[in-house]
Amino acid sequence: MEVLIYPDPVLRRGGQPITEFGPALRETADRMIEAMYEEGGVGLAAPQVGIELKLLVLNPSGSKDDRSGERVLCNPKIVRKKGREFDEEGCLSFPGIQAEVERWVELTVAYLDLDGKEQTLKCEEAWLARIVQHEIDHLEGVFFTDRLTAAEKLRVKAKLLELEDEYKARA
Ligand code: CO
């Protein structure tokens, strides 16, 4: 599984709602979790690996040695949110870019698990809430760089252009 890098057009397409729950979906989620650890991420959305589904995986510890926070969310939807806060974010699809993004501090998310059962995830820690929002954005084809203030956008502009040049050179 390879993580697509900006500006790969697949990233903008986001994901379709998941309708089939079975071994194939579980296998995809397992492979995404492996890819997330391999790349050193704390979250990964299916469109980032070229799979156009509303599927995301996360682990706030980012560590294989602490998998207690590992989650797989299908068709996630934010149903409650509270508070706003800026903090630094990065993205596996935007190597070398870190920027301040304003996000909700607390969330409740409704989602389906890998069996297609309705679940809710309460995010009372800002870090977890931030990861979930970042990954849900990917499912809609939205990037963290879309949410920057004008000043932050300007600050990362050169780096974005660099990624665009590298993409063109690979194509
Ligand atoms: Co990302």
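Start by selecting helix H3 (residues 126-139), because helices here are DSSP runs of type H or I with at least four residues, strands are E runs of at least two, and both are numbered from the N terminus. H3 gives the largest share of the lining of the largest pocket, six residues. A pocket, on a 1 Å grid over the protein atoms alone, is an open set of points where a 1.4 Å probe fits, with protein on both sides within 12 Å along at least five of seven lines; lining residues have an atom within 4 Å of a point. You're looking at a predicted model, where local features need pLDDT of at least 70 and side-chain atom pairs count only at pLDDT 80 or more, while totals for chains, interfaces and linings use all residues. Residues are numbered from 1 along each chain as its sequence is written, and side-chain values use heavy atoms, leaving out hydrogens and water.

**Stop 1: the pocket**

This pocket holds about 260 Å³ of space, a volume being the space filled by probe spheres set on grid points joined across faces, edges and corners. Now pick Val42, Gly43, Gly90, Cys91 and Leu92: of the 17 lining residues, these are the closest to the pocket's centre. S3 and H3 are the elements that give two or more residues to the lining.

**Stop 2**

Cys91 sits in the loop between strand S3 (71-89) and strand S4 (99-112), and His134 is in H3, so the pair ties together parts that are 43 residues apart in sequence.

Are these two buried or exposed? Cys91 counts as buried, at 11% relative accessibility, and His134 is buried too, at 6%. Buried means under 20% relative accessible area, exposed over 50%, and partly exposed in between (1.4 Å probe, protein chains only).

**Stop 3: along H3**

Colour H3 by burial: twelve of its 14 residues are buried. Those buried residues pack against helix H1 (10-13), S1, strand S2 (55-58), S3, S4 and strand S5 (118-123). Contact means heavy atoms within 4.5 Å.

Zoom in on Arg130, which is in H3 and is buried, with a relative accessible area of 4%. Beyond its neighbours within four places in sequence, Arg130 touches several residues, including Glu85, Asp87 and Arg103. Just past the end of H3, click Gly141 to find a positive phi of about 75°.

**Stop 4: Gly41**

Jump to Gly41, in the loop between helix H2 (23-39) and strand S1 (43-45). Gly41 counts as buried, at 6% relative accessibility. Set aside its neighbours within four places in sequence, and Gly41 is in contact with Met36, Gly62 and Leu92.

**Stop 5: helix H4**

Finish at H4. Where is its kink centred? The kink, of about 45°, is centred on Lys157; the bend at a residue is the angle between axes fitted to the seven residues ending there and the seven starting there. Select Glu152, Val156, Leu160 and Leu163 to see the buried residues of H4. What covers them includes S4.
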